[in-house]
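Visitor: I would like to learn how to read a structure like this one. Please take me through it feature by feature.

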Amino acid sequence: MSNLIEVKDLKVHYPIRSGILNRVTDHVRAVDGVNLAFEEGKTYGLVGESGSGKSTIGKAIIGLETITDGQIFYNGEDVSGQARQRRSDYRQNVQMVFQDAMSSFNPKRRIIDIMSEPLRNFTNLTPAEEKKRAIELLEIVGLTEEALYKYPHQFSGGQRQRIGVARAVALNPKLVIADEPVSALDLSVQAQVLNFMKQIQDEYNISYLFISHDLGVVKHMCDEIAIMYRGRFAEYGNKQDIYQNAQHIYTKRLLSAIPEVNPNKREENKLRRQEIAAAYDESSPTYFDSNGRVHDLQSLSNTHSVAVSDLNTFGKEGEL
Ligand SMILES: Nc1ncnc2c1ncn2[C@@H]1O[C@H](COP(=O)(O)OP(=O)(O)O)[C@@H](O)[C@H]1O
Ligand SMILES: [Mg+2]
């Protein structure tokens, strides 16, 4: 099957300026050589701690961030330039949902205007048709026509995120990048927003890039998961590979941090967490290079790869 979007050896480095001449003295290697391939209708998880480069990948794909090196292909065509140069087709088909819809919505505009904006930019609908489409979209995320004439602050956080999702799918995109879309919400509301996202995906065959700092949140959503550590991938695999058969110590640490809901397993989980915390060592040459970064990914199977120094010796030394 051919890939909808392919990201090849993507690097995004931010200059650090200093001194009285404000010269560029160094770079933050926010993203430093990652590869991703998106197939239609699948959900991809991008998980790592704060500052690991997740949002930068999302912004680079959508074109909000300049790429330092590497390429992005859309239906086989190189679209690596900045967003404004990217074809309107791409801009319609790749959309983003942010963690806090409040900050991405203009607070002075009503929901009807917020929902109509992408329609106005990319379609030739009449105002009556725009309104009809806006109502349809709100209904998809469980809101009614009444919402149209309200302002963003009149909704709860969960409702605003649902409006953000509705707006992102207004133009029937192929890929929606959701950057921590539920991280600011209560657990019960998180589940509700995720359910709407799943329903929409089933209906419209959208691919999601689902960004989260929490492996627990993406577990039920994602077909494939990338574990990100300091701008690089520590591990990549499907649900089974990551949740049942994690190989990188960093992945194991993230897994052990998922809160245990079963009270009978809490003690066991705590011991496991302590065991992994003791084994976790950023200077372990198996998992980290001399700069404390993860190695290049090496393939373990068709679906699973892990960043270790040497696959031949890996696993034979009694690693945790
Ligand atoms: N505009 C910027 N200028 C300089 N450094 C940045 C900028 N944006 C992000 N960074 C740095 O790049 C790294 C990755 O950031 P980000 O992609 O936001 O991580 P995440 O989304 O995983 O929390 C961090 O070290 C962050 O401080
Ligand atoms: Mg982020």
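Guide: Strands of a sheet pair through backbone hydrogen bonds, either parallel or antiparallel. In this predicted model, 4 strands form an open sheet in the order β2-β1-β4-β5.

Visitor: Is the pairing parallel or antiparallel?

Guide: The pairing is antiparallel.

Visitor: Which strands stand at the edges?

Guide: β2 and β5 (77–78) do. Each has a single partner strand, so one side of each is left without a neighbour in the sheet.

Visitor: Over how many bridges do β1 and β4 pair?

Guide: Strand β1, residues 5–18, pairs with strand β4, residues 69–74, over 5 bridges in the antiparallel sense. For a position to look at, find K11, which stands opposite D69 in β4.

Visitor: Now the ligand. Which residues are around ligand 1?

Guide: Among them are Y14, V28 and A30, and also G51, S52, G53, K54, S55 and T56. The elements giving two or more residues to this shell are β2 (23–38) and α1 (54–62).

Visitor: Which element gives the most to the shell around ligand 1?

Guide: That is α1, with 3 residues. Sorted by class, the shell holds 7 polar, 3 nonpolar and 1 charged residues.

Visitor: How do I read a helix, for instance α11?

Guide: Compare its reach with the span expected at 1.5 Å a residue. Helix α11, residues 266–279, has 14 residues and reaches 20 Å from its first C-alpha to its last, close to the 20 Å expected.

Visitor: How many of the 14 residues of α11 are buried?

Guide: The count is 0, and α11 is hardly covered.

Key:
Residues are numbered from 1 along each chain as its sequence is written. Chains are lettered from A and ligands numbered from 1 in the order in which they are written. This is a predicted model: local features need pLDDT of at least 70, side-chain atom pairs count only at pLDDT 80 or more; totals for chains, interfaces and linings use all residues. A residue is near a molecule or strand if its C-beta atom, placed from the backbone, lies within 6 Å of it. Ala, Val, Leu, Ile, Met, Phe, Trp, Tyr, Cys and Pro count as nonpolar, Asp, Glu, Lys and Arg as charged, and the others, Gly among them, as polar. The expected span of a helix is 1.5 Å times one less than its number of residues. A residue is buried if 20 or more other C-beta atoms lie within 10 Å of its own, exposed if 12 or fewer, and partly exposed in between; C-beta atoms are placed from the backbone. Two strands pair if DSSP finds at least two bridges between them.
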